[in-house]
Amino acid sequence: DADLEVPSGMFMGFELPLPFGDIFEDRLTFAAGFWTPSRVLLEGTVNYTEVPQWSVLDRAQAVAIEVGIGVDLTDLIDGLRFGVAVSALANLTGKLDVRLDETSAFNATTETQLVTSFAPIVGLSYEQESWGVGAVYRHELRSELGLDIVTADLPVDIPVLTLNGLLHYVPSNIAVEAFYRPIPNLMLVLNLTARLWSLWEGPQAPTSASSFLAPDPGFQDVVSPRIAVEGRIPVNDSDLFLRAGYGFELSPAPAARMAAQRNQDG
């Protein structure tokens, strides 16, 4: 059993055709989405390496923003569309100053700030009346914690120590999807999404320049298939859409094992 907190929040989004004229008329669409956790701006946990962890499920709650623009290229190739977007995620950085005051008592001052990391997204689709195909690439998105502990006025010199870690990680992924309409009121959909988890180095980070690296998590790339069906039923002057689907998600984590650890050279 895993004692994981269920994330909660609010998602808002909109899609807006841009009212340009001339060659851009009915060609550009702007869209945005916002995710806001209900309790925090950014919350995450970085455990010691020996603690059993659920890195895929137990990721941070963080404010996230995604904006993009789509372009209709039908004049060039009938049914062709292209889009670019960017995802933004909150990061926490700061400094903790520790000093000795005139009474030889420790005095600590903390300064933190939220900064933003960005990840590009690019997609392409081609659609005809009875079939279509699309592909999208989403770059990895990271939310990191970095708090430098700086000491001064102490009897001994202590190097800068950093409390840091990777709070939230969305791996790079590539999705390809196709649909087919055997009859006008029935649509079949197939999707394959590949997530590049092998690029993830784990949530822990070194505390100082001479610290050991945490063990490699050994995650592997995974491909998740999805299938769906949509039926349209005309009802008087309206249409009733019925949808059903199935997705199969593989875990990128290796089986529990005794494994070799990294040395100082990585």
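1. With which residue does Arg142 form a salt bridge? The partner is Glu144, and the closest N and O atoms are 3.5 Å apart. A salt bridge here is a side-chain nitrogen of Lys or Arg within 4 Å of a carboxyl oxygen of Asp or Glu. Glu144 is partly exposed, at 35% relative accessibility (buried is under 20% relative accessible area, exposed over 50%, partly exposed in between, with a 1.4 Å probe and protein chains only).

2. The model is predicted: local features need pLDDT of at least 70 and side-chain atom pairs count only at pLDDT 80 or more, whereas totals for chains, interfaces and linings use all residues. Residues are numbered from 1 along each chain as its sequence is written, and side-chain values use heavy atoms, with hydrogens and water left out.

3. Over the whole structure, the search finds 10 salt bridges.

4. Glu249 and Arg226 form a salt bridge at 2.6 Å, N to O. This pair links distant parts of the chain, 23 residues apart: Glu249 lies in the segment after β14 (238–247) and Arg226 in strand β13 (residues 222–235). Strands are DSSP runs of E, at least two residues, numbered from the N terminus. Glu249 is partly exposed at 44%, and Arg226 is partly exposed at 29%.

5. A salt bridge also joins Arg243 to Glu230 (2.6 Å, N to O). Arg243 is in strand β14 and Glu230 in strand β13, 13 residues apart. Arg243 is exposed, at 66%, whereas Glu230 is buried, at 13%.

Note on methods:
Helices (H or I, at least four residues) and strands (E, at least two) are DSSP runs, numbered from the N terminus.
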